[in-house]
Amino acid sequence: MKFSLGLIYSLTVFIGAKQFIGDPPTKAPNPPDLTITRFAGPDVTPSPACLAVAPTGEVFVGVDMIGSLGKDPGKGRILKLIDKDNDGKMDQHIEFATVDNPRGIIVQGSKVFVLHTTFSKETGKATGMALVVFEDKDGDGKADGPAQPLVENLSNTKYIQERGTDHATNGIRMGIDGWIYIAVGDFGFHNATDRSGKKLTMLGGGIVRVRPDGTEMEIFTHGTRNVYDVAIDPYMNVFTRENTNDGGGWNVRFSHHLQSGEYGYPVLFQHFTDEIIPALADLGGGSGTGALYMAEPGWPEKYSNVPMMADWGRSMLYIHRVTPDGPTFTQKEEDFLEVPQITDLDVDGSGRLFLSAWDGAGYSGSPDKGYVIRAVPNNWTYQPFPDVAKASIEDLARLLKSASAVARLNASQELLARADKQGIAAALAIATDTQLPLYARVAGIYTYAQATGAEGIPALTALTKDATMREHALRALTDRKAILNDVATGPFLEGLKDPSPRVQAAAIIGLGRLGRIETANALLQTKVPASFVAPVKDVEGPHATPNAALVLPHLAVRALVSMHAVDEAVAAINSANSTLALWALRYMHDPKAVNGLITAYPLTKDEAVKKQIIITLARLYKKEDTYDASWWWGTRPDSHGPYYKAVTWESSPAIEKFLKATSLKKGPAGLAFYRDLDARNRMDIPAFAPEKKALAAATNEPKVDLEKIKSKKGQVGKSSIEDVLLAVNKLKGDPAKGKLLFTAQGCIACHSINKGDVMKGPFMGQIGSIMNREQIAESILKPNASISQGFATVMITAKGNKSYMGFVTEETSAKVVMRDISGQVTTVKTSDILTRKEMKTSMMPTGLANALSYEEFASLVTFLSQQKK
């Protein structure tokens, strides 16, 4: 998560009808049909990183005085806020529990689930992240005792210790299926352990899910960047808005997550986009944070049944209008509410929406910044939500049919907690009632499935005959791996033929979870569209262009790989299903797969198939090294692909021998194809090394004397920062003049403006979509106040008594490329590095704007604020 500058605001602005002191100017008026009130201020909720709301309206806020880059423990807590008279302002607050770096909260009855960073009491250093549960059985507003761990080691300890919790594991949310969905940032995790002792390792980001008792942990999707939270609709569609990267064009992306899907970040999403499920949109610069699927009947129709996604960098809560598109969606983004550095949001059973604002609390938190607001429709009236623990089975059944997603989830969880036969029967009755809305029937089927386990299989199987419920019945049948042995494959094989692509997707995912090898041939018949095309050499593929036609074959490949259908895929190489078979074989690092490909090559007369066999073997030449948590990427990772840390394996010699032999038959003219394959897959086979060419002359970049620039004194240098900021607020500035000053003042030495330029320090080509003018101005005047993530000054000592200082501009598993303040670029082999330390000061010297007049400085700031590529 990106926490930006601690800013000085002197303006008074209005949000809705309420006057807020200290907020940045709004970009556009907030909706006039909403009433927005300040619920709690920084005196109670400074640095609010996350929040969750009980259905009855109590707000649980995660105060995080460590922030994303802080390292010192003992600064976090969970507060319970209460509005006794329902006037939109907190009347009472209680410290519910103390935790460090709270990143996600779920409230269910007397239980409060929290995701947070853990620290060693002995060393004071971070030890990882954990999902824990607190309980307040006596109702005094405080946790009864210490937290009970559910999942431990949920992030990479090495990187949390080095960099803080900026790209670690983030938000949590519960679906109507009863799973807790966990947003994992691109630190990934190593040996995460649930309560049953099950261990998982994930290289990079994605979504993991676990049962509320801390068991059955599993990876839901993989290949996203810094996902902060998930929005889950009533039909178990999962949406995310990813954090952007600091340069290189890795922008905010909005995605629909299909179980088992691979989303490709960072090693596949540029040059191997034929292999991934693309995002639904590339949204430019920003920092996605909290997420909520709003489905509450008290809200105007135009604001309901939509994913609401917070963007910290843009200080905006967005609505994404999603439209069904085969098994997935398309989307349209709309501005909704402007909240300064918004971090999270949640809604209660009466329809009160609560939002938390970081409001310039900096990368390491602030005791003086941050607040919580409440938003309700203008015609809203308080409707008390019932105490589900005291409700009758009949009342719970009515709530399970409610138009409110909050009501349905809480009724479902209470019915499950009671395990009452009457309640279970009521859930099945709702699932089978064809007169009820689909959202109610879906709530019924998942409640019934969770309550009955294997005993519910016959009723769920019967529901696969109902066209309206088929998709959800198939999902429910394979939702829990413990009962899969008793689930028949028949309904899933029938589902493959269903006219609905959503049913087909559920059937494919279900067959992958069942793992029955006898179903592989049916999966191999999944049609591959013409859009299954690899990007051309050195061209970024369409990683954020919806491609509904590619989803089903992608899921079929994931299912075939999960059941390790090597023999079946090899047998299909020379069949009508060769395209899907060869696609699946790309990931099967098994000698049988390699031998099968080599054997199939001379047997086919189809030159296109022959070419794909060679391409598949080249893809198999190396594989990803076993992840031990000692290596991974930074904020600008090596995205070449197809692996991050590639190593050869037992079949690599056989592949090399075959590729050499076939290349010789192609002659000199055909060698270029093999050289391209070698470069694309980073095989590093000497026979395919590129031709040696004379080195091109180095590009002459402007020589900038930063010491000379900062020694000059003009109007800016003679004034206080406060006076300069006030002046900039009043001056429009000339962007054309600002462009010239960007070079003249030395900015060009460390920053790029265009995506095609060599990446240096923090990318300025989209800074205007991340910061406003005042934030940009202060970051120039106070470069050490908040160092952009990934661009701290790094000191490296290396073998040969060498040392280097600069910021990292490129990093792979084999090398680190650094740039010093003079623009000198140095490459250091990873194997030569002895120590690596981030400094607390910025590479950017203080005083680079000193020689400027107010008007000139305003022009530079205006030019940068218009950079929104």
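**A residue and a cavity**

Analyst: In this predicted model, Glu 811 touches Trp 632, Gly 634, Arg 636, Pro 637, Asp 638, Tyr 644, Val 816 and Arg 836, leaving aside residues up to four places away in sequence. One of these neighbours, Arg 836, also meets Glu 811 through a polar contact between the two side chains, at 2.9 Å. Glu 811 belongs to strand E32, which covers residues 802–811. Glu 811 counts as buried because its relative accessibility is 13%, and the cut-off for that class is under 20%.

Now to the empty space. Rolling a probe the size of a water molecule over the atoms shows where such space is left. Across the whole structure, the search finds 6 cavities of 30 Å³ or more, and the second largest cavity holds about 510 Å³ of space. This second largest cavity is lined by 36 residues, of which Arg 173, Met 174, Asp 346, Val 406 and Leu 409 are the closest to its centre. The elements that each give two or more residues to this lining include strand E12 (169–174), strand E26 (342–347) and helix H3 (405–418), along with strands E4 (48–53) and E22 (288–294) and helix H5 (438–452). Strand E8 (100–108) is also among these elements, and E8 gives the most to the lining of the second largest cavity, with 6 residues. Sorted by class, the lining of this cavity has 23 nonpolar residues, 5 polar residues and 8 charged residues.

Conventions. Residues are numbered from 1 along each chain as its sequence is written. This is a predicted model: local features need pLDDT of at least 70, side-chain atom pairs count only at pLDDT 80 or more; totals for chains, interfaces and linings use all residues. Side-chain values use heavy atoms; hydrogens and water are left out. Helices (H or I, at least four residues) and strands (E, at least two) are DSSP runs, numbered from the N terminus. Buried means under 20% relative accessible area, exposed over 50%, partly exposed in between (1.4 Å probe, protein chains only). A polar contact is a pair of N or O atoms within 3.5 Å; within protein, one must be able to donate a hydrogen and the other to accept it, and residues adjacent in sequence count only if both atoms are side-chain atoms. Contact means heavy atoms within 4.5 Å. On a 1 Å grid over the protein atoms alone, a cavity is a set of points where a 1.4 Å probe fits but cannot get out, and a pocket is an open set with protein on both sides within 12 Å along at least five of seven lines; lining residues have an atom within 4 Å of a point. Grid points are joined across faces, edges and corners, and a volume is the space filled by probe spheres set on the points. Ala, Val, Leu, Ile, Met, Phe, Trp, Tyr, Cys and Pro count as nonpolar, Asp, Glu, Lys and Arg as charged, and the others, Gly among them, as polar.
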